[in-house]
Amino acid sequence: MTTPVYQNFINGQFLANQSGETFALKNPATDEVIYHVEVADGFIQNAAIKSAKQGFVIWSAMTPIERSRILLKAVTLLRARNDELAKIEVLDTGKPWQEAECVDVQTGADVIEYFAGLAPAQVGQQQMAGEDFYYTRKEPLGICAGIGAWNYPLQIACWKSGPALAAGNALIFKPSEETPLSAIKLAEIFTEAGLPAGVFNVVQGAAAVGQWLTQSPDIEKISFTGEVGTGKKVVASAASSLKAVTMELGGKSPLLVFDDADVSQAVSAAMLGNFYTQGEICTNCTRIYVHKNVYQQFIDELKTRTEQNIIPGDPLDPKVNFGALISKNHQDLVMRYIEIGIAEGATLLTGGKALNPASAPNGYFVAPTVFIDCSDDMTIVKEEIFGPVMSVLVFDDEDDVIRRANDTHVGLAAGVFTQDIKRAHRVIHQLQAGICWINSYGNSPAEMPVGGYKQSGIGRENGIETLDHYTQTKSIYVGMSNIESPF
Ligand code: NAD
């Protein structure tokens, strides 16, 4: 059977590359090639810049209300095609249908809708200076680039295109080479909604195409989602042309469970924050610090619910709630971390092995895994694994657990479970993380800014402030009086 070959999406349409180079895409749940994608060669790259320049001229000249209307139409189309798009995400990522069907498309559409609404609300200032005065304009940056990770491919494409386009920029987006398809579908939807050609282009490929985006002197800003190590390379490369950067990177986030917490709720949060999307979520609370007084209760319930309630299998089956990891390489990497955890002395409470569920025997599954008897210096407690591997640690002193929670170079997210309202806020204010939850974990509405402290990132996505990151302020001084000059 022949599989489809997808081209790059440039200037409002598909465009064939000249090198003929393609890459294959496998379904992580079946290990089968499902389609091929053309790599963005030099010809495509030049065409992307040319079309983005042309698109920017048209788009930036439109009024914010006009731009908003087109984006809102795209939102309607995204929601109408929810199931078609969700299925693409399931086949590309291996995540369960029951998640993609209600989260991936909707959280992407929400953010475009939010920024479409904000676009006309962005205004400048005016101030008198004697008889003279000045005013400011919020102008778009020009051509921006987005580089995406593979865990929430469509959501990431929406989270980057929403504010970029609402502010009047053109965007060249490179999805992860592991999940290239949904960004093309988004491009088709934007085109159908009336977005002028060239305003949203999709280029395909791996690191080399990403590097080209970071180096191109025609691109004003890079918004990147991916690993800390890649983020550092992107920032270094973007510095060569002094591009603005937004960095959404990895984490190793702590969840603190105090002895007055609702333990069942805390177990729910810990499971969501480690096993949802089979553990491939940047904000995951992979370090769970449990107060010694509720430790036994916590791990007893955690073990029971993990072993009884998690259903791995064919991700398209609506009953399945635990999918396959993105690739064989990633499965091997996660398994290596599990071996290191055992070798360094942690105890497996449950899991710790690869899985071959009957309905998806060739998929890249790793069992939901919980380590206990962990210490802060273990590799599994220090490094991001990006798989379903939770480390549980014990504490008995508030100040000490805050110090331990903060003892890391990353600071993406953090959570606290306690019934004591004063302690909840006191503790969360001391945690060095950009995205925090009290008696909750993982929710992220479009209005809420998200991003990391320390090496977890630069800048924010979502929320009002993000629009500012896609504009630049022009100050215009208007002389109403005669110029005073010594010359
Ligand atoms: P990755 O860093 O390997 O790749 C991310 C993207 O960068 C891909 O599109 C890749 O092709 C591209 N790339 C690779 N090398 C590049 C280079 N030198 N220059 C430019 N682009 C390059 O990350 P991944 O494995 O795709 O994603 C998993 C990581 O993403 C995890 O660390 C996770 O925590 C992080 N993540 C963060 C957030 C967030 O919002 N903070 C969200 C999702 C994922």
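A residue is called buried under 20% relative accessible area, exposed over 50% and partly exposed in between, using a 1.4 Å probe and protein chains only. The model is predicted, so local features need pLDDT of at least 70 and side-chain atom pairs count only at pLDDT 80 or more, while totals for chains, interfaces and linings use all residues. Residues are numbered from 1 along each chain as its sequence is written, and side-chain values use heavy atoms, with hydrogens and water left out.

A salt bridge here is a side-chain nitrogen of Lys or Arg within 4 Å of a carboxyl oxygen of Asp or Glu. Both glutamate 188 and lysine 185 lie in helix α7 (residues 181-193), 3 residues apart, about one turn of the helix. Helices (H or I, at least four residues) and strands (E, at least two) are DSSP runs, numbered from the N terminus.

The whole structure holds 21 salt bridges. One of them joins glutamate 113 to arginine 79, with 3.0 Å between the closest N and O atoms. Glutamate 113 lies in helix α5 (residues 104-118) and arginine 79 in helix α2 (residues 64-80), so this pair ties together parts that are 34 residues apart in sequence. Salt bridges link Arg79, Asp110 and Glu113 in a network.

Turning to the rings, there are 8 aromatic pairs. Rings of Phe, Tyr and Trp (its six-membered ring) pair if their centres lie within 6.5 Å; planes under 30 degrees apart count as stacked, over 60 as edge-to-face and the rest as tilted. Phenylalanine 9 and phenylalanine 14 form an edge-to-face pair, 5.2 Å centre to centre, with 85 degrees between the planes. Phenylalanine 9 is buried at 3%, and phenylalanine 14 is partly exposed at 32%. Phenylalanine 258 and phenylalanine 395 are also paired edge-to-face, at 5.2 Å and 80 degrees. Phenylalanine 258 lies in the loop between β13 (254-257) and α10 (263-275) and phenylalanine 395 in strand β19 (residues 389-395), so the pair ties together parts 137 residues apart in sequence. Both of these phenylalanines are buried.
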